[in-house]
Amino acid sequence: MPDADFLVVDNVSRVFKPVSRSLSILSGRAAAGTRAVDSVSFTVRQGQTFGLVGESGCGKSTLARLVAGLMSPTSGSVRFGTTEAKHRKPRLQMIFQDPFSSLNGRWTVGRIIAEPIRVHGLRRGAAVRSRVFELLESVGLSAADAAKYPQEFSGGQRQRISIARALAGEPDFLILDEPTSALDVSVQAQILNLLKSLQEELRLTSLFITHNLAVVRLMADRIGVMYLGQIVEEAETDTLFGAPRHPYTRLLIDAAPDLDTHDRSLHPIAGDLPSPSSPPSGCRFHTRCPRAAAPCVENEPVLTVTPEGSTFRCHFPLEREAASSLSGGGQGAGLASAAARR
């Protein structure tokens with residue numbers, strides 16, 4: 001079971017200032033910038049995988065970069081607990097979306113995987129080479145692959161190399177930003193199966209970012225649903241899929257037919273995602289929400305905490321009975337069930 005809090009994201013926002021002031025000069029108003037992440041808070045406990053899901057453009061990848069320290073928050077804080085008895089800063093590693101551009105084509109696979117080992121001083125001499133071979137075999141490749149170059153491998157094999165490189169740094173925390181979205185469905189299932197087994201074997205603490213609900217249902221212990229820079233619902237995985245409270249979560253589930261074995265039709269969410277540079281007033285989802293009423297337009301919903309520790313932002317949340325009526329059956333179908341097979 002997860003224990004101590006490992007990562008605490010506390011009221012984090014990130015505002016990107018406009019490149020040009022011409023529009024603000026013409027309008028006579030000061031440019032406020034784009035609030036890509038807006039007052040986001042969540043906690044990841046030791047040994048837990050926290051999933052972050054939402055449509056493209058909702059701020060997931062920006063939040064990942066804030067957690068990784070690749071950019072600084074405009075306000076709020078990102079805090080890590082010290083690692084067990086070592087009282088050092090935790091080591092972070094990241095697995096990126098595109099396995100074709102995330103690997104240096106001029107380096108051999110062995111050098112790529114060895115680099116984090118050398119940078120962190122984890123092994124020396126012949127032990128580095130032995131560790132590289134061990135990592136390659138742990139992700140389903142062979143020791144002989146260390147002498148090859150990334151361009152000699154398929155997309156799925158390159159992502160395995162990326163996973164081996166991430167594990168080479170012996171990370172305390174792993175960030176996975178859409179790690180399977182650039183792969184075809186059959187290869188996605190293989191990579192997810194590998195990641196799931198590594199999660200269980202190494203008890204990794206991680207942040208898993210995806211737009212695919214079937215994937216996040218398989219991989220995450222707890223899930224945050226993002227919309228236009230905010231987390232609008234957060235809950236344990238079974239709770240979220242069994243009885244979502246926010247209409248956006250319900251619509252995301254309905255839009256993914258693989259999650260419901262009884263309803264194989266697609267229910268796309270009506271309307272377009274508003275611009276994060278000019279979000280709607282009140283509840284940000286009201287322009288697309290079938291339950292929207294006057295309070296949704298006028299007032300931003302407060303964060304509600306349920307007795308079991310789930311949270312949501314909605315003036316008219318779904319009742320448990322109504323929310324669970326379309327939750328689907330069993331392990332689901334399609335990609336989730338393919339990846340779940342051992």
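Is Phe173 buried or exposed? Phe173 is buried, with a relative accessible area of 1% (buried means under 20%, exposed over 50% and partly exposed in between, using a 1.4 Å probe and protein chains only). Keep in mind that this is a predicted model, where local features need pLDDT of at least 70, side-chain atom pairs count only at pLDDT 80 or more, and totals for chains, interfaces and linings use all residues. Residues are numbered from 1 along each chain as its sequence is written, and side-chain values use heavy atoms, leaving out hydrogens and water.

**Aromatic rings**

- The model has 7 aromatic pairs (rings of Phe, Tyr and Trp, the last by its six-membered ring, pair if their centres lie within 6.5 Å; planes under 30 degrees apart are stacked, over 60 edge-to-face, and the rest tilted).
- Phe6 and Phe173 count as stacked because their ring centres are 5.9 Å apart and their planes sit at 15 degrees.
- That pair ties together distant parts of the chain, since Phe6 is in strand 1 and Phe173 is in strand 6, 167 residues apart (strands are DSSP E runs of at least two residues, helices are H or I runs of at least four, and both are numbered from the N terminus).
- Phe6 is buried too, at 3% relative accessible area.
- Ring pairs join Phe6, Phe80 and Phe173 into a cluster.

**Nonpolar cores**

- The largest nonpolar core has 35 residues, and Ile113, Ile163 and Leu195 touch the most other members (a core is a set of buried Ala, Val, Leu, Ile, Met, Phe, Trp, Tyr and Cys residues joined through side-chain atoms within 4.5 Å).
- Among the elements that each supply at least two residues of this core are helix 3 (109-119), helix 4 (126-138) and strand 6 (173-177).
- A second, separate core of 22 residues includes Ala64, Leu66, Phe173 and Ile209.
- In soluble globular proteins, nonpolar side chains tend to be buried together.

**Helix 3 meets helix 4**

- These two helices pack at an angle of about 115 degrees, with axes 9 Å apart (axes are lines fitted to C-alpha atoms over the stretch in contact, and angles run from 0 to 180 degrees between N-to-C directions).

**Positive phi angles**

- Asn11, which isn't a glycine, has a positive phi near 55 degrees, and it lies in strand 1 (residues 5-16).
- Asn11 is partly exposed, at 41% relative accessible area.
- Leu228 isn't a glycine either, yet its phi is positive at about 50 degrees.
- Leu228 counts as buried, at 1% relative accessibility.
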